[in-house]
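Please open the model in your viewer and display the chain as a cartoon.

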Amino acid sequence: MPYVYLPREEELEASALSIAQAAAQVLQTGYLEDAASLADLSVRLAPSNAQSWLLLAEARLRNRDSAAAKEALAQAKLLDTDNAGIWFAEASLAMADDDFAHAEALIRRGLDLDPENANAYFDLGNALFLQGKGEEALTAFQQASARKEDFWPAINNEGLVFYEADQPEAAIERWRQAIAINDQVAEPALALAAALYSQGDQSESTIGMAIRALDQESDYAEEAFQESQLWGEKLRAATRRLFTDSRLQNALERALALVNLRRLEMDSTTPLPEEDGAPPQSP
């Protein structure tokens, strides 16, 4: 008689844990589909492991597959309602759906379980700011930076709140702090250049800072992208004034060209839908 080895439950759980760890590592490297496949295998081997379901949800969320992410999160929540990560992940889905009030409630529920999570306070600040709750958003960003001293995105966003509240000096101070932590990121540098320019500092140093920022991240040449990064109307208006300076035109044109090139490349890799009854295309 042929013999088939059936692994014991303990062996399946150990294999699932090992595969989940591999999925987490692959996810960090950016291979999202591979990470999702590994996480899916992990939950098949050990369907009672909430952490594996949460990992699968994260992989699906980063793959922009919201429906699959919601299904995985629902399974994770059934298994472990006291896992703060599940509430934070569900909040990310709500943010993606522009349901900022719901995201706020979910993050607060997660913070009840994990009150020292700096990233969660940062996300809470974003959700509050997008609801027009500037003072509450500032408090959340400050709580995030207090828990992680080198958390430059939280400090940067403190600057965004201050600038919209007509406190440019406080905003400039925050952006300088963010740059001191990480001088290789574009956002605080361009925001600082725009604020300084609006205050009358139109020196070569300010223009050079803006040029370097555009070279580092060309997307900031487009106002729509600035808005997606929570830049308010006052900061965007200051940036529009900055962009009228003739010394910036070459850098601005170069940045816009790169943005358009990436957009064309993305469009060219998106498969066109086949018409009903049409024969498949030849390779």
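## The whole chain

Of the 283 residues in the chain, 41% are buried. The model is a predicted one. With the cartoon shown, the secondary structure amounts to 15 helices and zero strands. As for contacts between residues at least 6 apart in sequence, 53% of them join residues at least 24 apart.

## First stop: S145

Select S145, which lies in helix α8 (residues 134–147). Is S145 buried or exposed? Its relative accessibility is 15%, and because the limit for a buried residue is under 20%, S145 counts as buried. Now show the surroundings, leaving aside the neighbours within four places in sequence: S145 is in contact with F151, A154, I155 and E158. F122 and S145 are 23 residues apart along the chain, and their C-alpha atoms are separated by 8.3 Å.

Most residues other than glycine have a negative phi. The next two selections depart from that pattern.

Select D98 in the loop between α5 (84–96) and α6 (100–113). D98 is not a glycine, yet its phi is positive, at about 60°. The relative accessible area of D98 is 55%, so the residue is exposed.

Then move to L230, located in the loop between α13 (223–228) and α14 (233–243). L230 also has a positive phi, near 75°, in a residue other than glycine. Its relative accessible area is 11%, and L230 is therefore buried.

Two packed helices are described by the angle between their axes and the distance between the axes. Select residues 186–198 for α11 and residues 204–216 for α12. At what angle do these helices pack? The angle is about 150°, and the axes are 8 Å apart. Because an angle over 145 degrees counts as roughly antiparallel, α11 is roughly antiparallel to α12. The crossing of the two helices is left-handed.

Finally, show the side chains where the helices meet. On α11, the contact is made by A186, A189, L190, L192, A193, L196 and Y197. On α12, the contributing residues are T206, I207, M209, A210, A213, L214 and Q216.

Definitions and conventions
Residues numbered from 1 in each chain as written. Predicted model: local features only at pLDDT ≥ 70, side-chain atom pairs only at ≥ 80, totals over all residues. Heavy atoms only, no water. Axes fitted to C-alpha atoms, helices over the stretch in contact; angles between N-to-C directions. Helix = DSSP H or I, 4+ residues; strand = E, 2+ residues; numbered from the N terminus. Parallel < 35°, antiparallel > 145°, perpendicular 65-115°, else oblique. Left-handed = near helix turned anticlockwise from the far one by under 90°. Contact = heavy atoms within 4.5 Å. Buried < 20%, exposed > 50% of the residue type's maximum accessible area, 1.4 Å probe, protein only.
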